[in-house]
Amino acid sequence: MPSYQYGDFQNEIYINALNGIVPKYPFDYPSLERAGSEVLPWWVLSYLAGGTGDEHTQRANVEAFKRYGIVPRMLNGAYERDLSISLFGIDLPTPVFMCPIGVIGICAQDFHGDVQIAKAAATTGVPMVASTLMMDPMEEVASHFGDTPGFFQLYTPRDRDLAASFVARAERAGFKAIVVTLDTWTTGWRPRDLNTGNLPELRGYCLANYFSDDVFLRRLDKSPKEDLNAARLEWLKVWGNSLHWEDLDWLRSLTKLPLLLKGIGSPDDVRRARDQGIDGIYCSNHGGRQANGGVPALDLLPEVVEAAGDMPVLFDSGVRSGSDAAKALAMGATAVGFGRPYAYALAIGGTDCVAHYLRSALAELDLLMAIDGYPTISDLAAAGIRRV
Ligand code: FNR
């Protein structure tokens with residue numbers, strides 16, 4: 001068992017309060033969201049908070065967690081807990097990670113959010129899945145990971161050479177896995193952003209990986225500094241590749257790193273992915289930002305886990321707290337991703353507030369395991385979930 005128990009974070013807070021030190025950042029999600037919304041520029045907030053259609057799926061993702069619960073087990077000595085997991089042979093101290101968020105760079109007040117998140121990963125041991133869409137090049141971001149492994153999320157460009165270049169750069173920069181997002185080869189219908197014509201990437205933000213890539217630069221007559229307009233229009237041309245199953249062999253050939261598919265919700269797709277040599281599944285509906293399809297990602301998770309067999313299953317969409325993470329783990333997810341919450345935390349207080357948010361969520365998860373009598377993540381997974 002590890003000597004540090006994540007739940008001990010609360011003792012620090014209560015003892016500090018005795019000495020007149022009150023917490024700097026909120027602990028509950030609604031306060032975090034509210035405080036983050038107050039400091040973000042309107043156009044970043046619109047992009048972060050919005051989803052597709054009437055945003056029903058995004059709300060349903062969150063609501064879904066209320067329909068499941070964990071049965072407590074007593075008298076089994078969960079005085080100490082071990083939250084560690086192993087993912088592709090990598091030992092991780094906890095079963096959570098930070099989801100790829102393409103605009104995370106501009107959620108920070110200095111617009112270097114990718115670097116700040118990498119630093120939060122380094123201090124907490126919680127891995128960052130870094131989006132293709134960064135404000136700083138991936139090499140710079142990866143240099144701040146410390147001992148925490150990082151994963152690279154690929155938006156597969158239409159230009160295959162550019163895709164190969166991104167993967168090779170990620171490998172060289174030390175990323176430990178490639179996550180290919182499948183559900184975003186085009187942008188979903190997002191009325192909140194359509195109302196103001198707001199697409200940050202098209203304004204030239206978060207394109208550092210493209211603008212630092214020789215393959216992309218060769219497509220331009222002038223550098224992005226000289227002609228930003230031409231560069232961003234070229235980005236739009238190469239951006240979205242609507243992949244087919246036949247393309248997986250090519251993707252597989254690009255890297256020896258573990259390859260995961262993000263956006264999977266159907267057990268048939270899980271089986272087909274496994275048959276084609278994919279190493280892991282990432283069950284997600286993109287937080288309701290892509291299709292307003294209505295089925296909460298959490299409701300799809302049990303079937304995905306069953307079809308995956310011994311393949312790892314990462315999960316996100318609607319996770320707001322440590323107890324949400326516990327529920328997804330009890331359904332069999334190998335690791336659980338936080339999305340929007342850490343973006344609001346970043347807006348409020350940079351790396352420091354992101355670390356605060358992650359430590360809080362881990363404390364809640366740890367204390368739930370302590371009180372409900374599950375000393376390890378595998379105990380939690382074996383316990384299963386009760387539909388409420
Ligand atoms: C995302 N997400 C995302 N996913 C991805 O694979 N690459 C990306 O660049 C982005 N960008 C992005 C931007 C913003 C503003 C958001 C909110 C989300 C989806 C993300 O990885 C994750 O699936 C969702 O955030 C999960 O939903 P919740 O829990 O944040 O509501």
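This is a predicted model: local features need pLDDT of at least 70, side-chain atom pairs count only at pLDDT 80 or more; totals for chains, interfaces and linings use all residues.

How do the residues of the shell around the ligand divide into nonpolar, polar and charged?

Reply: The shell around the ligand divides into eight nonpolar, 10 polar and five charged residues. Altogether, 23 residues surround the ligand, and the closest are Pro100, Ser131, Thr181, Arg320 and Arg340. As for where this is, the ligand sits in the largest pocket.

Now let's look at some individual contacts. Gly102 takes part through its backbone: one of its polar backbone atoms is 2.8 Å from a nitrogen atom of the ligand. Gln153 uses its side chain instead, with a polar atom 3.0 Å from a nitrogen atom of the ligand. As for cover, the ligand on its own has 600 Å² of accessible area, and the protein covers 99% of it.

Helix α17 spans residues 340–372 and contains Tyr344. The structure holds 17 aromatic pairs, and Tyr344 forms one of them with Tyr29: the ring centres are 6.5 Å apart and the planes stand at 65 degrees, so this pair is edge-to-face. Tyr29 belongs to helix α2 (residues 29–39), so the pair ties together parts that are 315 residues apart in sequence.

Key. Residues are numbered from 1 along each chain as its sequence is written. Side-chain values use heavy atoms; hydrogens and water are left out. A residue is near a molecule or strand if one of its heavy atoms lies within 4 Å of it. A polar contact is a pair of N or O atoms within 3.5 Å; within protein, one must be able to donate a hydrogen and the other to accept it, and residues adjacent in sequence count only if both atoms are side-chain atoms. Accessible areas come from the Shrake-Rupley method with a 1.4 Å probe; for residues, only the protein chains shown count as cover. On a 1 Å grid over the protein atoms alone, a cavity is a set of points where a 1.4 Å probe fits but cannot get out, and a pocket is an open set with protein on both sides within 12 Å along at least five of seven lines; lining residues have an atom within 4 Å of a point. A molecule sits in a cavity or pocket if more than half of its atoms lie within 2 Å of its grid points. Ala, Val, Leu, Ile, Met, Phe, Trp, Tyr, Cys and Pro count as nonpolar, Asp, Glu, Lys and Arg as charged, and the others, Gly among them, as polar. Rings of Phe, Tyr and Trp (its six-membered ring) pair if their centres lie within 6.5 Å; planes under 30 degrees apart count as stacked, over 60 as edge-to-face and the rest as tilted. Helices (H or I, at least four residues) and strands (E, at least two) are DSSP runs, numbered from the N terminus.
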